[in-house]
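This report looks at the salt bridges of one protein model. Which side chains pair up, and where do they sit?

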Amino acid sequence: MAAGLVGALSALTACSGGGGGGGEKTTASTKPSATASASSSASGAATGASGKIQGSWITTSGGKIVALVITGKKAGLFVTGRKAWCQGAAGEESGMQMIHLTCPDGNKDRATGMVDSVNAKSMTVSWSGKTGKETYTKAEGGKLPSALPTKAKH
């Protein structure tokens, strides 16, 4: 399963011009939905996301890997065990870095997130849904970090 996630991360970061897959062959059992798109409410009035939140971020929640990818104004989220990617926008709103996602399966656990803190290695996001606060670790070069964070305690 981790190989599929790394392949998915490599594919997403390659689309942003952030590097290639280095000829790696991976098979992902889950494909991003080509028909899912962010609704107009998901893109909101956000301007571009700051460089600090750009990239691939990984955490674990309920025993599943959660991958959050932010490229330019676009954001995507994948949770292992789900069949669809959530897609949307990331950017600055009223001085805060915000993430708005729409999931084709109707899941709203991570519909709107506010970045609480971010540095070169980790990012904490407070989600409006039942997920609450999560801390993500930056994934460099499409590789999984050596240690995955778990859900932050409230």
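Aspartate 105 is partly exposed, at a relative accessible area of 47%. Here buried means under 20% relative accessible area, exposed over 50%, and partly exposed in between (1.4 Å probe, protein chains only). Arginine 82 is buried, at 15%. The side chains of these residues, aspartate 105 and arginine 82, form a salt bridge. The term requires a side-chain nitrogen of Lys or Arg within 4 Å of a carboxyl oxygen of Asp or Glu. Aspartate 105 lies in the loop between strand 6 (96-102) and strand 7 (112-118), and arginine 82 in the loop between strand 4 (74-79) and strand 5 (86-93), so the pair ties together parts 23 residues apart in sequence. Strands (E, at least two residues) are DSSP runs, numbered from the N terminus.

The model is predicted: local features need pLDDT of at least 70, side-chain atom pairs need 80 or more, and totals for chains, interfaces and linings use all residues. Residues are numbered from 1 along each chain as its sequence is written, and side-chain values use heavy atoms, without hydrogens and water.

The count is three salt bridges.

| Pair | N to O distance |
|---|---|
| aspartate 105, arginine 82 | 3.3 Å |
| arginine 110, glutamate 134 | 2.8 Å |
| lysine 133, aspartate 116 | 3.6 Å |

Arginine 110 and glutamate 134 are both buried. Lysine 133 is partly exposed, at 31%. Aspartate 116 is partly exposed too, at 34%.

Average pLDDT (the predictor's confidence in each residue, from 0 to 100) is 73. Residues 1-46 stay under 50. Where pLDDT is low, predicted coordinates should not be read in detail.

Notes: Contact = heavy atoms within 4.5 Å. Helix = DSSP H or I, 4+ residues; strand = E, 2+ residues; numbered from the N terminus.
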